[in-house]
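Trainee: I am new to this structure and would like a close look at one part of it, the salt bridges. Please take me through them in one go.

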Amino acid sequence: MTQPMPSNKLAKNTLLLAAAAIGFAQTVLFAILAPLGREIGLIEVQIGAIISCSSLTLFLISPLWGRASDRWGRRKVLLIGLFGYSAGTLVFAGVFQAALLGFLAPLAALTLLIITRVGNATVMAAVSPSASAYMADITTVEERVKGMGALGAATNIGSILGPAIGGLLASISLLTPLYFSVGVTVAVAVLAMFSLPVLPRPNHTSLPKKLKYTDPRIFPLIVAGVLLFMGFAIVQQTIAFRFQDTFALNSTDTAKIVGFSLMISAASALLVQMLLIPRLKLRPFTLLRLSMPIMMVAFAILASGDTKFQFMSAMCVLGLGLGIAGPGFMAGVSVAVSSDEQGAVAGIAGACPPLGFAVGPLLGSYLYAIDASLPYWFSFSCYLLVFFFTLKFKTRH
């Protein structure tokens, strides 16, 4: 039964809390995964494989959840994602706990970690497309950039709190941040269950439309989006190795400094999305064009720097660029299609970060094993190609 519709403000605030909770949970993991993996005897490429396998799952499943939100409703799919993510993270943390206690050999632990993380990703994939499609349903085309920017800002608020709180909790144990993140996502899921309104179904009786990644209306943005997130995934996967090896840090200190660097990056993105994006009257593709040179500077600093200040500055600059690029990408794909395709396009757009993260961590770990600066020069080259691509491509968005 459909609930009475309250104001859009309540719905938007609930969506923003859900986005913040996921941002919190994801950045907690990235801050501790590398030192945790090394603690149980995994090498860099194996640690990268955990993220790559789960991200590939997100890429394959996200479009299905997007279309499911057209058919079942945004609220139901969002709740599946939030509760499923909480349960999956608890199991994932349990496997790590068993390995740390010596009950699992490294190879067995790696196998179980990949299996549990893939299962977690299967339901977690429901969150992004359902939240984005819900936001699209309750905003006009003119408000779309602002609405998607608000979702990005909420995610970044969670991304700021995640590393900050996670770094503190890592002093208790490296797994404490994961258990704490479970409590956060469960709390937000319960809140959403009671406060998020059920939207009226679209007035069409046919099955939700299917979109292809190669649809000419969105294909240029999809290419840019995949490469955008692949470069960022390379940084997130290798930055812990970079700090630990450059400054000879132990696992706990590595988790703390990586958490702080991710917090700086997310705070920079949040600053841009709160103060700059709402005031800019630029088309989505133009935002992507502006962001690429900024992030290329960050990659160059990460590749050539050798001090903590340089690495922290690079993460700040990277956040500034991502704060511009994220809303441009999400709004661009949304305004490119019709209103009854919002769930489908949200699913495709939601699959771009996982595809980037399916390739980025494994590739970044492999390149890092060859040379510590190589992942960042590779990302620099990819973003340079995207920059020229956005300059050449003519679009109405």
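Mentor: Start with D245, which counts as partly exposed because its relative accessibility is 41%; buried means under 20% relative accessible area, exposed over 50%, and partly exposed in between, with a 1.4 Å probe and protein chains only. The model is a predicted one, in which local features need pLDDT of at least 70 and side-chain atom pairs count only at pLDDT 80 or more, while totals for chains, interfaces and linings use all residues. Residues are numbered from 1 along each chain as its sequence is written, and side-chain values use heavy atoms, with hydrogens and water left out.

The side chain of D245 meets that of R38 in a salt bridge, at 3.3 Å from N to O. The term stands for a side-chain nitrogen of Lys or Arg within 4 Å of a carboxyl oxygen of Asp or Glu. Because D245 belongs to helix α8 (residues 219–247) and R38 to helix α1 (residues 8–39), the pair ties together parts that are 207 residues apart in sequence. Helices here are DSSP runs of H or I with at least four residues, strands are runs of E with at least two, and both are numbered from the N terminus.

R38 is also partly exposed, because its relative accessibility is 23%. R38 has another salt bridge, with E44, where the closest N and O atoms are 2.6 Å apart.

Elsewhere, D70 and R74 form a salt bridge, and their closest N and O atoms are 2.6 Å apart. D70 counts as buried because its relative accessibility is 7%, and R74 counts as buried at 7% as well. Through shared partners, salt bridges join R38, E44 and D245 into one network. A search of the whole structure finds three salt bridges.

As for the setting, the protein chain has 26 positive and 13 negative side chains, and the centres of the two sets lie 9 Å apart. In that count Lys and Arg are positive and Asp and Glu negative, with His and the chain ends not counted; each charge is placed at NZ of Lys, CZ of Arg, CG of Asp or CD of Glu.

The protein chain has 13 helices and zero strands. Buried residues make up 58% of its 397 residues. Of the contacts with a separation of 6 or more, 86% are between residues 24 or more positions apart, a contact being heavy atoms within 4.5 Å.
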